Amino acid sequence: MDTASSKHVDVVVVGAGLSGIGAACHLMMQSPSRTFAILESRSVSGGTWDLFRYPAVRSDSDMYTLGYSFAPWREKKSIADGPLILNYIRETAEKFGVEERIQYNRRVVDAKWSSETALWTLTIKHSDSDVSETMTCNFLWGNTGYYTYDKGYRPDFPGEEKFQGTLIHPQLWPENLDYKDKTVVVIGSGATAMTIVPAMAKEAAKVVLLQRSPTYVVARPDVDEFADKIRAKFSPKLAHKLIRFKTITLGMLMYQLSQKKPDLIKRRLREGAAALLPEGYDVDTHFNPSYNPWDQRLCLVPNGDLFTAISSGKAEIVTDTIQSFTSDGILLTSGKELKADIIVTATGLVMQLLGGMSISVDGVPVDIGKTVSYKGIMLSGVPNLGTTFGYTNASWTLKADLTADYICRLLNKMEKLGVRQATPKVPADQNLEPTMGLTSGYVMRAQGNLPLQAMKKPWKLYQNFALDTMLLKHGKIDNEMEFSNAGKR
């Protein structure tokens, strides 16, 4: 394997998706004295919004909060299609001058911290060749999302080798898939399945959503009338602030009410689904989960398109379990058979932090599952490493923006103090628990690989934008943080 020459920058941003581009923009605005590079493992930017190509791929959060705080969303749709979001990310990168900082086809496979030099040494594999290179930096900032891009989660179904039709996973959607007048079964009950079913139903003969258990589904217009009125009356900058304030506040109130009065919200969600379905539809079997709202993410369907597809007869929901695949479909535990020309396994993601890179501190490998999350950004005992991980109960970018604010404040503080190492130090005898409270399958499968949290700040994750704003944007930078210089820990 060929090895390229070593290089150095102050900050390495890993990933050029929504989070990575945002991180780079914040560095340009808030820490302009720092040199930085963006390393992207793929040949293009955009992350999730370039990777997923299934029909009607879209956001499941409004773009007034999924968009950046510093770059107003100007399109009419607030629940936006994938191509619109991808264009927004790339336009922002171009506008803020960060596109030229991106090095494509560069996968960080290993990161070693040395307290002797106060540097990270990165091993970088070129994705398009056999070449590898090393690079050093003072601060490493992971913006790699939360799942592996190489493959989605796919359970082994009994007898699937018998199936004679087309079997695909949404993460690896084939180009120019022909499903016109075909019978399609989509396995899954998450946001991806809820998006694919009504989209494919427009051309397919029939689309069946096969779910093991129901999910909370809420209909919402893809255009925000309040936002349109505000944008017509005020300047773009002021309108952006007002719309974000309204959207964030309503989202927080909805989440808090779900926590305090889950039975009320369950009833309202059930009533909302029933109102958009044919009279006599079995709502309790297909749209009334046994868990409480926000134990898993709610599925948003723009303009109620899923309910419309079901009402038209073009789509159907079946709640059952799979006994085995057959040559022409699926045999269910109930004995019912689902015929299919195409089966889509929308069965989830494989969670992965920091893009799968291995990390070590002074020669000792770091087991992320045994670290404690510091402000939801850094890891206990690991110097100069930041990670961006968005909210599970609100838009990802709300937390990503706050994370960037904090990291830039930290970098500026270190520069002012003349120190090179910042290491979160968790106090002894803390009661620890998992950071993610969701019961979704992809979370439960990855639980042992995720950092832990303690019961009080700065080691507790609140999943609350207002509290995090005080903590990350305006709170103390250095509480329970150890500052030091090279050769000292």
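Which residues do ring pairs link into a cluster? Select Phe52, Tyr54, Tyr146, Tyr147, Tyr149, Phe389 and Trp396, which are joined in this way, where rings of Phe, Tyr and Trp (its six-membered ring) pair if their centres lie within 6.5 Å, and planes under 30 degrees apart count as stacked, over 60 as edge-to-face and the rest as tilted.

This is a predicted model, in which local features need pLDDT of at least 70 and side-chain atom pairs count only at pLDDT 80 or more, while totals for chains, interfaces and linings use all residues. Residues are numbered from 1 along each chain as its sequence is written, and side-chain values use heavy atoms, with hydrogens and water left out.

The structure holds 19 aromatic pairs. Next, select Tyr255 and Trp294, whose ring centres are 5.9 Å apart with planes at 70°, so the pair is edge-to-face. Tyr255 belongs to helix 7 and Trp294 to the loop between helix 9 (283-286) and strand 11 (299-302), so the pair ties together parts 39 residues apart in sequence; helices (H or I, at least four residues) and strands (E, at least two) are DSSP runs, numbered from the N terminus. Both Tyr255 and Trp294 are buried, a term for under 20% relative accessible area, with exposed over 50% and partly exposed in between (1.4 Å probe, protein chains only).

Move on to Tyr374 and Trp459, an edge-to-face pair with centres 5.1 Å apart and planes at 70°. Tyr374 is buried at 0% relative accessibility, and Trp459 is likewise buried, at 0%.

Finally, select Arg101, which lies over the face of Phe36 at 4.3 Å from the ring centre; the criterion is NZ of Lys or CZ of Arg within 6 Å of the ring centre and within 35 degrees of the ring normal.
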